[in-house]
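Morning, everyone. I have one structure to show today, and I will go through some of its packing and pairing. Here it is.

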Amino acid sequence: MTGRAEFIARIRREVSKTPGLFGASTAPRPADPATAAETIRRELAERWPEALERFRTEFERIAGVFHRVPDLAAVPAAIGAIARGYGAKSLVTWDPTALGFDAAPALTREGLDVVAARAGQEDEAARLRHRERAAQAQVGVTGADFVLAETGTLILLSGSGRPRSTSLLPDVHVAVFGRDRLLETLEQVGVMLEALHASPDRAMSGAMINFITGPSRTADIELTLTRGVHGPKEVHAVFVEAP
Amino acid sequence: MSDALLRTPFPERAGAALKDTFLQEALKIATTKFIDLRKESFAGFPQGEALRDRARAIKEATLQHLDVHLERLADNVERLGGHVHWATTAEEAREMVLRLCRDRGVRMAVKSKSMATEEIDLNEALEHAGVAPVETDLGEYIIQLAHEKPSHIIAPAIHKTKGQVAELFSRELRGEFPADPEILTAVARKALREKFLQADMGITGANFAVADTGTVVLVTNEGNGRMVTSLPRIHVALMGVEKVIPSMTDLVVFLAILARSATGQKLSSYTTLVRGPRRAGELEGPEEFHLILLDNGRSRQIASTLREALYCLRCGACLNVCPVYRQIGGHAYGYTYPGPIGILLTAMLKGNESVRELAHASSLCGACKDVCPVRIDIPRMLVELREHLDREKIAPWTERVVFKAFRRLLLSPTAFRLSATIGRWAQRPFVRNGRLRGLPLVFGRWTKTRDLRPVAARTFRERWKELR
């Protein structure tokens, strides 16, 4: 087996044969990611309606279903309508503290079976139990940490109370977000990711970041586009107007 | 690829593909569709051209300091609690995965599509060691059940009809399934969902790895990449060393052009950033994360002829536009990586001798270079490769003699003039309908499959003289 030192030495030897072969550079990075991120946030605080329209257009183009509700209080009813529309009986959700709302009481009253992930839960038994519930549920409810207008993309960070399977195992994924999550371009996402990794509390978030651009899809059989091959067949974005 | 297939000479493999009428139809439809999707996607994206330049520059700059970026990547992966392994050869990489399987009692491994694992023939090795490898990308799953190899980098099963898939699923999964892509996809979803939940290990490749943050990035459409990195207790990622990029800022440059080049999407359905094993407080995710860095002939090319092939993103765009690939498909190439870029990658991984025939499976039209998201100069490298084959006396002697004679002709104006006169006289018996056909001797190998233009009645030089 090759060790790291030997492996790197070989690469270094080859690299040293190419002094100044190309004058290329990497992409220019923000000197201070936190400040750059803050600037983007400030600009978006003004421009969010345009970003939202763009998101809606792009999201619908890739078969996403867009919803708009006035405030958090209206969210459970919107989720209930989506669940009924799909004929769903059970839902899994992120931890209410991660979501910013608790949809369980209202949905349970409608006769739906709701399982919420709990922050801090991480033992083996809880893991298996949750996975089983997520695999059986027809609807998964999450937030979204960034919402990218340019491509109609929902960006989700995993973490405590934010299981990665909620947006993956159920047939229908519902992501709820407000105006402060909107971004316009991939370039801005780059800045946000730089800022996220430069911040001292990065250990707080989980090990996975997912960019979700529409439902799961394949065209592997005779190039026929088919949705929901492994992941969700439907993706819904619920925009909450109230700041 | 099987040795039996490679023992057949390339012209015969290509000939068989040309006679396969279904393959011909499937290739035409698939490649044309991919070309249109790509074109449409870049048409509405004016900044695309500048981003392609940017992406190329990032690849150049990263290779220039590859040692530094790899060490940085390794340090950061370890800081996040992952393990890093260094594999000089395919065999070492296989051995590392097998050892992990042995040590951790792994019985089944679910895989998301990875050309790097194809390159090292990992599935065969796993099966041999009693570990069941399950391909979970729908196309890869189909060809695994059929015991075949991928025929396109991003659409591995384009050579199969829905009827063939229905037959295959009915036999292998015990059922009666109609030839309906939607139903067949649902059948695969159900069968593979069980595997995802049962498997002990998830194996992936990597589209990128960000050195700064120790992040492995997977770009997928089906969601299987997310499954294999979220559900099993161990995640192993295998990547060629050239996949490392410096920062998150660099990553978004590549993301903006990768899916557009491959399928014409703005972004693929899923871009998954893996930052080591699951963290404290996290309910899901693997408890162990292993990153295997694979050299397998790559580092030799950093300062050599095939350097630019190390920029490749594996998007498949050059396959779709290649007049040779469009005719013969991926299998006829005979190796893991098909198409124009595949010839170069094969030479890189298996040595120049392995492509003595394939180096000529290109018209040098340059369509590949035009669509390549990082503008890899594939035609130039193919010419250089042919030159190497000649210099290393790997090319057949007849070819070497003919080209040497041709070189002499081109270097001497008198000889060139004379050859036109002789040629005009000598070609007479072979000109039919304004084309040269059925030439004798070694030249006949050209005219057997192609027509040649005859020497003109009056050459340009002769006309030029009169015009002056």
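Let me begin in chain A, with two helices: α2(A) passes α7(A) in a left-handed crossing. Keep in mind throughout that this is a predicted model. Helix α2 of chain A covers residues 33–61 and helix α7 of chain A covers residues 186–198, and they pack with their axes 8 Å apart, at an angle of about 135°.

By class, the contact of α2(A) with α7(A) comes to 9 nonpolar residues, 1 polar and 1 charged.

Now to chain B, and its sheet. There are 6 strands in an open sheet, with parallel pairing, and the order is β1-β10-β7-β4-β2-β3. At the edges sit β1 (83–87) and β3 (132–135) of chain B, each of which pairs on one side only. On average, neighbouring strands of this sheet are turned by 20° against each other, direction ignored.

To take one pair from that sheet, strand β2 of chain B, residues 108–111, pairs with β3(B) in the parallel sense over 4 bridges. If you want a position to look at, find Val110(B), which stands opposite Val134(B) in β3(B).

Last, the two chains together. How many residues does each chain put into the contact? Chain B gives 77 residues and chain A gives 65 residues. On the side of chain B that touches chain A, helix α13 of chain B (residues 248–262) gives the most, with 8 residues. That side of chain B divides into 35 nonpolar, 22 polar and 20 charged residues.

There is strand pairing between the chains as well. Strand β9 of chain A, residues 208–212, pairs with strand β9 of chain B, residues 270–274, and here the sense is antiparallel, over 5 bridges. To find the place on screen, go to Asn210(A), which stands opposite Thr272(B) in β9(B).

That is what I have for today.

How values were computed. Residues are numbered from 1 along each chain as its sequence is written. Chains are lettered from A and ligands numbered from 1 in the order in which they are written. This is a predicted model: local features need pLDDT of at least 70, side-chain atom pairs count only at pLDDT 80 or more; totals for chains, interfaces and linings use all residues. Two residues are in contact if their C-beta atoms, placed from the backbone, lie within 7 Å. Ala, Val, Leu, Ile, Met, Phe, Trp, Tyr, Cys and Pro count as nonpolar, Asp, Glu, Lys and Arg as charged, and the others, Gly among them, as polar. Two strands pair if DSSP finds at least two bridges between them. Axes are lines fitted to C-alpha atoms, for helices over the stretch in contact, and angles run from 0 to 180 degrees between N-to-C directions. A crossing is left-handed if the near helix is turned anticlockwise from the far one by less than a right angle, and right-handed if clockwise.
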